[in-house]
Amino acid sequence: MAKKVVTLAHYYCTPEIQQMADKVGDSLELSLFARDSHADTIVFAGVRFMAETAKILNPHAEVILPDRGSTCSLVTQTDVAALTAWRKQHPDHVHVAYINSSAEHKAVADWICTSRNVDDLIADLYAQGKKVIFSPDRNMGAYLNFQYGYDMPLWSAVCEVHDKFNEDALNAGLAEVADKSAFLIAHPESPLPVLKRADYVGSTSGMLNWVRQFAQAPDSVIFVATEDGILYNMKQARPELDIRQAPIYAGCQCNSCPYMKLNTIEAVKRAQQGEGIRIDYLTEAQMDAARLPIERMLEFSK
Ligand code: 13P
Ligand code: SF4
């Protein structure tokens, strides 16, 4: 019998790749879809940590990443030995790690979060009187500390894509549309000065929902501080709105994740034929250790 293959694509993939996929979503949606899939093979048009998460949640499936280079700067900027030492320096804290982390990194976390559930999850831990350390995204952690008055010690890695957004470029962009109402929505991987100016801060899906429900003057300008792939979904949802990538420097409105964009049509087609990077290098023990904090999160997000 022919093997059943499903293709998952993150919103940051190009429109062509999203059209090739059985499921398009943010990292939480894709993790859940992968966990519940009965496919023999999952082609993951995303980045490596996402494919690893799919394998950890569905170890019987063969998981294929189309391109070897699809990493994430939050992973490459984190030395897990140093992170483990940092975790040991905070023995009375709970360690919450963002899902943008390697399987090894997840194994030294108590909880995994995504940008969709991080606010609620950490609020719940504080409500229980727990102290929290947060890794690896310094911008996201700084935002949570600012927004909710936490004092979480933070690991210091950034998303190289979102970290490029800055207040000066934003001010220049806003000045260009001074005669209109302008709104800013931003992913929490963006720097704090940008997030402080945002009308909405949230995950990829959260921003998409915000745009779907937008009910202000239709000639408003909506600046979006996140990776450019999602603009396709936003414009599809609300073609009548003026939705623009937030500028990263004067005159430049492009912010593209080089790792997501390695998912080319050719690479995804090859992966669907069984070629690509098989996520078969994690040991049972590594997967078991990483699964625990991920499953805690999935249970919390029900
Ligand atoms: P989401 O959790 O919003 O899908 O974001 C993943 C990501 O890599 C953001 O840069
Ligand atoms: Fe990683 Fe940033 Fe790319 Fe998301 S956009 S995968 S956080 S480098």
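Me: Which residues surround ligand 1 in this model?
Reply: The model is a predicted one, and the shell around ligand 1 draws on residues from several parts of the chain's numbering, as the list itself shows. By class, that shell divides into one nonpolar, seven polar and three charged residues. The residues that surround ligand 1 are D26, S27, N100, T114, S115, C159, H187, E189, S203, T204 and E227.

Me: Of the 14 residues around ligand 2, which come nearest?
Reply: The shell of ligand 2 divides into eight nonpolar, three polar and three charged residues. C159, which is also listed among the residues surrounding ligand 1, is one of those that come nearest to ligand 2.

Me: What radius of gyration does the chain have, and why does it agree with that of a compact globule?
Reply: Along its principal axes, the C-alpha trace of the chain spans about 60 × 50 × 30 Å, and the chain has 14 helices and 12 strands. Because a compact globule with 302 residues would have a radius of gyration near 19 Å, the value for the chain agrees with it, being 19 Å.

Me: How far apart do the C-alpha centres of domain 1 and domain 2 lie?
Reply: The chain is divided into domain 1, which takes in 5–70 + 260–280, and domain 2, which takes in 162–245. Nine residues of domain 1 are in contact with eight residues of domain 2, and the side of domain 1 that touches domain 2 has five nonpolar, two polar and two charged residues. The C-alpha centres of the two domains lie apart by 27 Å.

Me: In the open sheet of five strands, which strands stand at the edges?
Reply: This sheet has mixed pairing and the order 2-1-3-4-12. Strand 1 (residues 5–10) pairs with strand 2 in the parallel sense over three bridges, and within strand 2 it is G25 that H10 stands opposite. Each edge strand has a single partner strand, so one side of each is left without a neighbour in the sheet; the edge strands are strand 2 (23–25) and strand 12 (277–278).

Me: At about what angle does helix 3 run to strand 4?
Reply: Helix 3 is formed by residues 48–57, and it lies across strand 1, strand 3 (41–45) and strand 4 (62–65). The angle at which helix 3 runs to strand 4 is about 175°.

Me: In strand 10, which residue is the bridge partner of I185?
Reply: Four strands form an open sheet with parallel pairing in the order 9-8-10-11, where the edge strands, strand 9 (200–201) and strand 11 (242–245), each pair on one side only. Strand 8 (residues 182–186) and strand 10 (residues 221–225) are joined in the parallel sense over five bridges. Helix 12 (residues 229–237) lies across strand 10 and strand 11, running at about 180° to strand 11. The bridge partner of I185 in strand 10 is V224.

Me: Which residues does a cis peptide bond join?
Reply: Most peptide bonds are trans. The loop between strand 7 (132–135) and helix 8 (138–148) holds P136. With omega at about -15°, the cis peptide bond joins S135 and P136.

How values were computed: Residues numbered from 1 in each chain as written. Chains lettered and ligands numbered in written order. Predicted model: local features only at pLDDT ≥ 70, side-chain atom pairs only at ≥ 80, totals over all residues. Pairing = 2+ DSSP bridges. Helix = DSSP H or I, 4+ residues; strand = E, 2+ residues; numbered from the N terminus. Contact = placed C-beta atoms within 7 Å. Axes fitted to C-alpha atoms, helices over the stretch in contact; angles between N-to-C directions. Domains from an automatic or database assignment. Nonpolar A, V, L, I, M, F, W, Y, C, P; charged D, E, K, R; others polar. Near = placed C-beta within 6 Å. Rg over C-alpha atoms; globule rule 2.2 N^0.38 Å.
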